[in-house]
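Please open the structure in your viewer and keep the selection tool handy. We will walk through it stop by stop.

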Amino acid sequence: MSVASDETERLRRWRMVLGGDQADGTGHQLTGQDAAMDGALSALYGGGAPGQGKPESRGARTAGLGASAPSVARWLGDIRTYFPSSVVQVMQRDAIDRLGLSALLLEPEMLEAVEADVHLVGTLLSLNKAMPETTKETARAVVRKVVEDLEKRLATRTRATLTGALDRSARVTRPRHHDIDWNRTIAANLKHYLPEYRTVVPERLIGYGRASQAVKKEVVLCIDQSGSMAASVVYASVFGAVLASMRSIRTRLVVFDTAVADLTDQLDDPVDVLFGTQLGGGTDINRALAYCQSQITRPAETVVVLISDLYEGGIRDEMLKRVAAMKASGVQFVTLLALSDEGAPAYDREHAAALAALGAPAFACTPDLFPDVMAAALEKRPLPIPDAGA
């Protein structure tokens with residue numbers, strides 16, 4: 001590539017970044033697909049509304065999407081043409097946040113044009129009560145597509161990881177040969193090492209418990225459904241369905257704001273679970289934990305997972321007493337500030353510190369880490385808390 005071509009490409013890139021204002025200093029004019037891409041960016045990140053810019057200012061970022069459904073539908077088609085899926089999802093999210101386009105998602109034609117992702121599902125769920133019947137079928141189809149994609153990505157590893165953890169948590173001391181846990185057996189018998197034979201003679205065998213169809217563990221997922229937890233609700237519902245499909249785990253799913261809803265009977269279909277939630281409203285963690293505590297019959301075999309940003313609207317001291325009581329009875333208590341790829345949201349640091357003092361440290365968890373966290377809890381091992389955790 002020549003020096004002139006390098007300079008042109010550099011100006012082109014700066015022009016795309018800076019947006020074409022008179023002060024951008026590039027003096028570069030866009031044509032063809034570059035101009036179309038810039039127009040799509042202008043509509044979202046510029047100012048004004050369609051048709052408001054002067055002819056001589058075309059190319060500058062002053063377009064806007066306005067409130068026109070046809071205009072938005074065309075824009076959605078454009079960005080899917082010019083940008084990769086990951087960028088499209090970010091731009092859609094920005095359009096909803098910056099331009100107040102949520103109401104347009106209540107139109108079936110609009111839903112068919114969007115790129116479905118976890119954040120879009122959260123937005124649709126927050127609009128569920130205002131959604132007309134003509135839109136609900138399309139909305140459920142969009143949500144189901146996202147849920148099925150998540151299940152394909154997460155289910156196999158989750159089942160494999162937790163099945164191994166369940167087997168290890170049920171070790172026996174007189175195992176059959178193929179059930180021997182050799183790593184733990186050798187570690188437990190190192191004092192019986194015979195140097196002359198360069199081997200360990202085990203006096204005590206440690207084995208995995210044999211698989212059975214009996215319920216070995218109980219898991220309670222207690223999910224804060226306040227608006228900021230939308231992505232966590234989506235992932236938790238998918239994981240809840242996966243856990244419920246495992247016969248050796250009895251799973252209960254509870255969602256809460258200032259009221260508590262037990263959605264366990266809908267766990268066979270996470271889409272039903274999601275449409276049974278009501279994103280937004282206040283938060284009463286104490287009331288939710290009181291309900292979960294009342295459902296525990298085998299505390300030593302139970303894992304309670306609280307997923308919340310910990311902004312408690314109920315009785316703080318009572319909440320902490322309940323957590324302490326559950327832990328004292330043998331319950332494994334896990335606190336997740338978020339179950340999503342975005343990391344920890346804003347959260348109540350005082351409550352997080354209080355829970356940590358009780359032996360229930362609060363941290364954000366990605367969907368990929370969640371199976372390992374659950375495996376550790378089932379085996380009563382230290383949790384694999386990320387470095388960025390609270």
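This tour of a predicted model goes from the sheet to the core, then to an aromatic pair and some salt bridges.

**Stop 1: the sheet.** Start with the strands of the open, six-stranded sheet, which run in the order β5-β4-β3-β6-β7-β8 with mixed pairing. At its edges you will find β5 (260-262) and β8 (362-365), each pairing on one side only. On average, neighbouring strands are turned by 25° against each other, direction ignored. Now select residues 217-224 and 249-256: these are β3 and β4, paired in the parallel sense over eight bridges.

**Stop 2: the core.** Which residues have the most contacts inside the largest nonpolar core? Select Trp75, Leu105, Val305 and Phe370 to see them; the core has 78 residues. Helix α7 (residues 133-169) gives the most to this core, with ten residues. Then centre on Val305: beyond its neighbours within four places in sequence, Val305 is in contact with Val220, Leu221, Cys222, Val334, Leu336, Phe370 and Met374. A second, separate core of 25 residues includes Cys222, Leu289, Ile296 and Leu306.

**Stop 3: the aromatic pair.** A search of the whole structure finds one aromatic pair, and here it is: Phe239 and Phe370 are tilted, 4.5 Å centre to centre with 40° between the planes. Phe239 sits in helix α9 (residues 230-244) and Phe370 in helix α14 (residues 370-379), 131 residues apart.

**Stop 4: salt bridges.** The count comes to 14 salt bridges. Select Asp269 and Arg144, whose side chains meet at 3.0 Å, N to O. Asp269 lies in the loop between β5 and α10 (270-275) and Arg144 in helix α7, so the pair ties together parts that are 125 residues apart in sequence. Asp269 is buried, at 16% relative accessible area, while Arg144 is partly exposed, at 30%.

Move on to Arg316, which forms a salt bridge with Asp317 at 3.4 Å and another with Glu350 at 3.7 Å. Glu350 is in helix α13 (residues 349-357) and Arg316 in helix α12 (residues 316-328), 34 residues apart.

Terms used:
Residues numbered from 1 in each chain as written. Predicted model: local features only at pLDDT ≥ 70, side-chain atom pairs only at ≥ 80, totals over all residues. Heavy atoms only, no water. Core = buried A, V, L, I, M, F, W, Y, C linked by side-chain atoms within 4.5 Å. Buried < 20%, exposed > 50% of the residue type's maximum accessible area, 1.4 Å probe, protein only. Helix = DSSP H or I, 4+ residues; strand = E, 2+ residues; numbered from the N terminus. Contact = heavy atoms within 4.5 Å. Pairing = 2+ DSSP bridges. Axes fitted to C-alpha atoms, helices over the stretch in contact; angles between N-to-C directions. Phe/Tyr/Trp six-rings, centres within 6.5 Å; stacked < 30°, edge-to-face > 60°. Salt bridge = Lys/Arg side-chain N within 4 Å of Asp/Glu carboxyl O.
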